[in-house]
Amino acid sequence: MAKERLAHIPSGHDGNGFISIDGKVIPAFKIAKVTAKLEAVKDSKRFLGDVMTQNVVRGLNGSGDISYYHKTAALIDAMKQYKETGVYPEITLQYYSESPSEGRCEVILTGVVLDSTPFGALDDGSDTAQVSESAFTFDDFDVISRFNG
């Protein structure tokens, strides 16, 4: 078996992210960190006379966490529009990770619903860039490009 080379594994810093609101890719924020995952929706049943419980996957739930830097008021404006119209914006989150030797893996999450939309914060003890954070859910995903390996 060939030795795995660390240089072939993308670091957490080798990538970027994008947001699309209502079909327009906008620089609403710069992603600092994003994690997305699928969780199984399971049905479990122990039938009469059986000792072991059987499990089956009945579906998937998509969720994640995002940390980002506000760059514009676009996301806040989208939430204001939701407040006024009752129509939640169609948010798409797209990001990639890449390495020179293995190529690029790019994922797109659609039907994103942010749990919170921070408006920014002030802190007289900090000179660092403001990071906003939110958990989120998503309805669907696709893999746009895959690593070479």
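Contact here means heavy atoms within 4.5 Å. The exercises below use a predicted model.

**Exercise 1. Which residues does L75 touch, leaving out residues up to four places away in sequence?**

Solution. Begin with the position: α1 spans residues 74-85, and L75 is one of the residues with the most contacts inside the largest nonpolar core. Next, list the partners beyond four places in sequence: I19, I21, A28, F29, Y68, I91, L114 and T117. F29, one of these partners, is itself named among the residues with the most contacts inside the core.

**Exercise 2. Which elements each supply at least two residues of the largest nonpolar core?**

Solution. The core has 20 residues, and F29, I66, L75, L93 and F136 have the most contacts inside it. At least two residues come from each of β1 (15-21), β3 (29-45), β4 (54-70), α1 (74-85), β5 (91-99), β6 (103-114) and β7 (132-138). The largest share, 4 residues, belongs to β6.

**Exercise 3. In what order do the helix and strands run from the N terminus?**

Solution. Count the elements: the chain has 1 helix and 8 strands. Then read them in order, which gives β-β-β-β-α-β-β-β-β. For the contacts, take pairs at least 6 apart in sequence; 66% of these join residues at least 24 apart.

**Exercise 4. Is S67 buried or exposed, and which residues does S67 touch?**

Solution. S67 is in strand β4. The cut-off for buried is under 20% relative accessible area. S67 has 12% relative accessibility and therefore counts as buried. Leaving out residues up to four places away in sequence, S67 touches I31, A32, K33, V131, S132 and E133. With E133 there is also a polar contact of 3.5 Å between the side chains.

**Exercise 5. Which residues form a nonpolar patch on the surface, and why does F141 count as partly exposed?**

Solution. The patch consists of L38, V57, L60 and F141, whose accessible area together is about 380 Å². F141 is located in strand β8, residues 140-145. Partly exposed lies between the limits of under 20% for buried and over 50% for exposed. F141 counts as partly exposed because its relative accessibility is 37%.

**Exercise 6. What percentage of the residues of the chain count as buried?**

Solution. The chain has 149 residues, of which 26% count as buried. As for the surface, the chain exposes about 10500 Å², and carbon and sulfur atoms supply 52% of that area.

Terms used
Residues are numbered from 1 along each chain as its sequence is written. This is a predicted model: local features need pLDDT of at least 70, side-chain atom pairs count only at pLDDT 80 or more; totals for chains, interfaces and linings use all residues. Side-chain values use heavy atoms; hydrogens and water are left out. A nonpolar core is a set of buried Ala, Val, Leu, Ile, Met, Phe, Trp, Tyr and Cys residues joined through side-chain atoms within 4.5 Å. Buried means under 20% relative accessible area, exposed over 50%, partly exposed in between (1.4 Å probe, protein chains only). Accessible areas come from the Shrake-Rupley method with a 1.4 Å probe; for residues, only the protein chains shown count as cover. Patches are made of residues with over 30% relative accessible area and no salt bridge: like charges are joined within 9 Å, nonpolar side chains (Val, Leu, Ile, Met, Phe, Trp, Tyr) within 5 Å. A salt bridge is a side-chain nitrogen of Lys or Arg within 4 Å of a carboxyl oxygen of Asp or Glu. A polar contact is a pair of N or O atoms within 3.5 Å; within protein, one must be able to donate a hydrogen and the other to accept it, and residues adjacent in sequence count only if both atoms are side-chain atoms.
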